[in-house]
Amino acid sequence: MSGPSRIARGLLTDPAKAVSFRFDGRTLQGLAGDTLASALLANGRRLLGRSFKYHRRRGIVTADKGEPCALVDVIGEAGREPNQPATAVLLSEGLHAVSQNRWPTLALDLLAVNDWLGRFLPAGFYYKTFMAPGWAWERVYEPLIRRAAGLGRLEGRLGDHAAPAEIVHDHADVLVVGAGSAGLTAALLLGSAGLRVLLAEQDIVLGGGTLLDARWTSWRADACARLASLPNVRCLPATTVLGAYGHGTFGALETLTAQERARFRGLRERLRVLRARRVLLACGAPERLIAFPGNDVPGVMLAGAAHAYLRRYGVAVGRRPAFFVNNDEGYAGALALAAAGIRAAAIIDARPDACAAARAREAGLEVLCDASVSGVLGRRSVRGVRVMLPDGVSRSIPADCLAVSGGHSPATALACQLGAPLRWQEAIAAFTADLPAAAGRSAGAARGIFGAAAAARDAEHAARALAAELARPAPEGAAWLPWPADPAATPVRALWEVPGRGKAFVDLQNDVTTEDVRLACREGYEHVEHMKRFTTCGMATDQGRSGGLVASAVLAAARGVPLSQVGQSRPRPFAEPVPFAALAGGEVGSHYKPRRRLPINDWHERAGATFVSTGLWLRPLVYSAESGWEPVLAEARAVRRAVGVTDVSTLGKIDVQGPDAARFLDFVYANSFSTLAVGRARYGIMLREDGMLFDDGTTARLGPEHFLLTTTTANSAAVLEHLEFHLQAVRPQLDVVLTDVCDQWAQFAVAGPRAREVVACLAGDLDLSNHAFPFMAAAEASLAGIPGRLFRISFSGELAYELAVPARGATAVWEAILAAGGPHGIRPYGLDALNTLRIEKGHVTTAELNGNTTAADLGCAHLLKKSGDFIGRTLAARPGLLGTDRLQLVGVRPADRSRRLRNGTQLVTSAARSASLGYVTSCTPSVELEGWVGLALLAGGRQRIGSRLLGVSPVHGETTELEIVSPHMLDPENARVRA
Amino acid sequence: MLRIPCPWCGERDEIEFRYRGDAAVTRPGSDAGQEAFVAYVYRRENPLGWHLEWWLHSGGCRRLLKLLRHTVSHEIQWVGTAEQAPPPAQGAERA
């Protein structure tokens with residue numbers, strides 16, 4: 001039987017299969033099918049952890065995932081997983097778990113002194129106590145508090161844990177949440193109507209409350225068998241619906257069992273994105289606690305949990321349990337235990353009388369009506385209860401366990417997330433939430449219809465309505481066995497708090513007491529959301545499932561208003577803790593984001609390029625494995641002195657065609673394109689409507705109605721979207737078609753004084769003379785035998801051509817360029833050399849086109865056309881954007897040519913070293929000029945050209961005297977590009 | 001997560017779209033002056049209720065759609081192409 005408290009055969013446990021496990025170093029035995037909690041209870045272990053703030057001893061409160069107290073660290077091959085509810089950890093051979101939040105040991109926890117200091121540590125104490133001095137929070141208070149408070153420890157190897165999770169997407173006509181009698185009935189009905197149904201159940205087995213009632217055994221087995229035979233119904237056990245995200249989208253977390261893990265290569269969790277036309281919420285009504293002094297002592301648990309441990313695992317939670325209830329369902333566990341030979345010490349019922357009381361008395365149990373528990377005897381564990389009798393007499397009853405039922409609160413979280421307002425139901429002393437019909441229906445206990453048969457009947461009605469709405473009317477008659485009748489029941493009577501000496505908890509995990517709630521109210525945090533944040537009530541991993549409504553009731557009493565006016569705090573996803581690994585799914589490591597490779601990526605790799613990730617692109621940085629500037633400068637020098645070739649395929653390329661193409665470009669660019677001749681290209685700048693510079697690039701006119709526009713690499717997607725928006729929303733009358741052709745074309749820049757000779761070898765009989773093919777010429781051309789396009793444009797400042805060829809034939813063209821350039825000393829150059837060349841020339845990239853700069857700031861105001869509308873025209877003329885004291889583009893060089901520059905260096909005067917006038921945006925060692933050169937954005941920069949400033953980089957501890965120069969540091973007359 | 005019924009592609013997840021802002025504002029004429037453009041670029045109603053807005057199906061057909069969406073319930077009452085206007089009945093209800 002394994003363990004002294006195992007008194008019967010459980011539904012889920014296999015008495016033939018013993019499983020050994022370790023808890024806090026001790027090896028213990030459980031059974032296959034046990035949870036860690038049931039196995040510990042079977043072994044008579046009750047103390048499982050210390051509480052969050054007061055370090056009070058805590059045991060097991062529930063038998064499901066909503067457990068507030070019995071959290072443990074599970075140590076496995078994937079590292080240490082903290083805060084696992086022992087009530088949901090399935091026992092497996094060799095499982096190793098340790099208790100949390102105690103020092104040095106669970107039995108002797110020195111920090112339990114907090115419990116005695118409790119009156120000095122009320123809610124919100126650290127907001128008030130640890131105010132000054134300011135520096136001490138980070139260095140002293142916070143580390144101390146984090147050690148004393150907090151729960152488990154996170155460690156382990158992320159890499160091992162990160163991979164085994166996946167995200168899957170499911171679609172259905174109806175998502176049924178919860179597989180109790182209501183959910184099973186609804187799924188059967190909807191399934192037999194031919195609808196696609198997903199049935200999600202957070203428990204590892206289907207059945208919900210019917211699992212605790214032997215009369216439902218054959219009904220449940222039959223229902224599950226029928227569901228399994230319906231191909232259009234999928235059951236998802238061990239799957240918690242985490243949140244409702246509107247429009248029929250839900251998130252759910254499936255936890256795989258050990259066997260499934262083995263089958264799916266160690267997969268631990270599956271995050272499911274569920275999309276359904278309607279939802280049927282049959283997610284039941286969790287039991288709630290009652291606030292009385294000592295309601296956290298190990299041995300105090302929910303009555304439903306005591307019942308579940310007996311039925312599911314054959315474990316008696318005590319030899320002599322007492323029950324404290326205010327509803328008939330709370331008796332079920334006592335009656336079941338009595339049938340198994342464990343007689344309750346007493347059932348204390350807050351109501352004057354009840355149907356269930358009569359049944360209990362028939363079974364020979366003592367029932368004390370109109371009574372309440374005003375205290376618990378025992379600190380380490382329950383030794384007895386103090387009972388207040390109706391005549392005002394107090395009586396102590398020996399007991400080793402106290403099972404509490406304060407009623408059942410319908411699970412309304414998903415309904416609230418779908419927009420359902422809360423409605424107070426006096427008859428069940430709880431809130432319900434009526435789902436908007438367009439979203440679906442609630443049924444059964446989830447909308448306050450208690451009793452398994454009543455809930456199932458309610459679900460049948462709801463499911464029939466849904467089937468009719470979805471035009472798949474369900475067949476008449478039941479597709480299931482008759483439901484066992486519900487026993488007669490007396491309604492619940494609201495009971496939230498029993499006054500008395502000592503701490504009475506409303507949130508066991510965050511150690512929030514009834515006094516904390518009243519303090520919040522006194523301090524002005526009267527709204528339930530304010531009270532929640534002041535006390536942290538309901539903010540723990542169990543989301544206040546068992547005590548949330550009790551806290552609201554205590555707040556209502558303190559405010560002197562009805563509970564219906566106070567309401568409950570808004571439930572937000574997630575319903576239970578979700579490991580980050582599950583959210584990441586397979587998108588980890590190299591799968592974190594897509595990677596775009598250049599058309600001739602393989603060639604770059606073979607050539608030994610060092611790659612750099614820019615956006616999604618992988619680009620050659622330099623064709624060398626060596627670090628340092630020398631390989632970069634060698635590549636740049638080749639361009640300045642002879643010729644080089646670089647891969648610029650990452651530039652955005654947008655094909656613009658149509659009768660109104662020129663008019664459209666005139667509108668989206670600040671300069672004019674309708675005046676551009678066919679066979680010519682032009683540099684263009686694009687503004688945002690607010691007048692700021694957005695992007696720049698070269699656009700070629702390939703035909704009267706055909707342009708090819710290029711964008712910067714970084715903005716290619718944003719520019720396409722900007723153009724599409726303005727074409728469709730602002731200029732819909734224009735007949736223009738935009739096509740993104742970025743991936744279809746490779747583009748190579750051949751640059752340097754010998755570029756013409758190299759390109760001439762490839763371009764057949766095309767005349768490349770300055771007269772026939774001048775700077776900014778563009779033409780269709782056969783390039784190394786492949787039809788492509790040739791542009792005479794330059795980013796480097798040298799004589800340069802860009803060759804565009806279809807991506808597929810690109811390697812042949814690239815190799816032909818290198819072959820033709822061989823006699824001229826051609827070298828491929830990477831992104832670093834490209835930068836060196838453009839900085840020397842004063843060309844800008846996204847470092848300067850940073851969204852805060854205007855055309856005037858970057859010295860290209862002359863490009864703005866004087867007449868005609870264009871995006872950004874009006875607002876670019878705002879006075880604030882025309883000021884001459886704005887940050888303007890300048891060049892910088894160290895006065896001492898041997899000093900280096902750094903990006904981000906602040907520009908200051910020696911008189912005011914902490915007043916930044918600007919900063920260096922880009923810099924590089926130069927190949928044509930002595931020393932380093934850089935570009936900077938400097939307040940009133942153009943007027944400062946010729947002056948000197950200090951460049952300070954506090955992070956490097958450097959101060960450098962800088963000359964402010966024109967950004968066009970090399971060839972300001974632009975003679976080279978026209979050579 | 002919104003499920004947006006694209007007139008060209010069918011119902012699709014929100015992640016396929018890019019939100020492009022208020023579709024009730026129209027770009028002023030070129031000579032309308034700075035005030036009119038400031039209003040066009042910056043001033044928005046931010047209504048609690050029905051909102052006419054632009055969505056670009058950038059991960060699909062790349063067409064710009066107009067949606068009438070409720071900013072609280074996220075209900076989508078009407079979807080149209082860029083040229084279309086919402087039916088006047090809804091327009092009145094919005095006001």
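## Basis

In this predicted model, local features need pLDDT of at least 70 and side-chain atom pairs count only at pLDDT 80 or more, while totals for chains, interfaces and linings use all residues. Residues are numbered from 1 along each chain as its sequence is written, and chains are lettered from A and ligands numbered from 1 in the order in which they are written.

## Chain A

Chain A contains 28 helices and 46 strands. Helices (H or I, at least four residues) and strands (E, at least two) are DSSP runs, numbered from the N terminus. The C-alpha trace of chain A spans about 115 × 70 × 55 Å along its principal axes.

Of the 979 residues in chain A, 53% are buried. A residue is buried if 20 or more other C-beta atoms, placed from the backbone, lie within 10 Å of its own. Among contacts in chain A with a separation of 6 or more, 67% join residues 24 or more positions apart; a contact means that the C-beta atoms of two residues, placed from the backbone, lie within 7 Å.

## Nonpolar cores

A nonpolar core is a set of buried Ala, Val, Leu, Ile, Met, Phe, Trp, Tyr and Cys residues joined through C-beta atoms within 7 Å. The largest one has 183 residues, and Ala186(A) and Leu402(A) have the most contacts inside it. Helix 13 of chain A (residues 452-469) gives the largest share of this core, eight residues.

Leaving out residues up to four places away in sequence, Leu402(A) touches Gly299(A), Val300(A), Ala322(A), Phe324(A), Val373(A), Val376(A), Val382(A) and Val385(A). A second, separate core of 108 residues includes Leu709(A), Leu762(A), Tyr801(A) and Val933(A).

## Chain B

Chain B has two helices and six strands, in the sequence pattern β-β-β-α-β-β-β-α. Its C-alpha trace spans about 40 × 30 × 20 Å along the principal axes.

Buried residues account for 19% of the 95 residues of chain B. Of the contacts in chain B with a separation of 6 or more, 47% are between residues 24 or more positions apart.

## Interface

At the interface, 19 residues of chain A are in contact with 19 residues of chain B. On the side of chain A that touches chain B, the elements giving two or more residues are helix 22 (716-730) and helix 26 (873-876) of chain A. Helix 22 of chain A provides the largest share of that side, six residues.

By class, the side of chain A that touches chain B has six nonpolar, seven polar and six charged residues. Here Ala, Val, Leu, Ile, Met, Phe, Trp, Tyr, Cys and Pro count as nonpolar, Asp, Glu, Lys and Arg as charged, and the others, Gly among them, as polar.

Technical notes: Buried ≥ 20, exposed ≤ 12 C-beta atoms within 10 Å, placed from the backbone.
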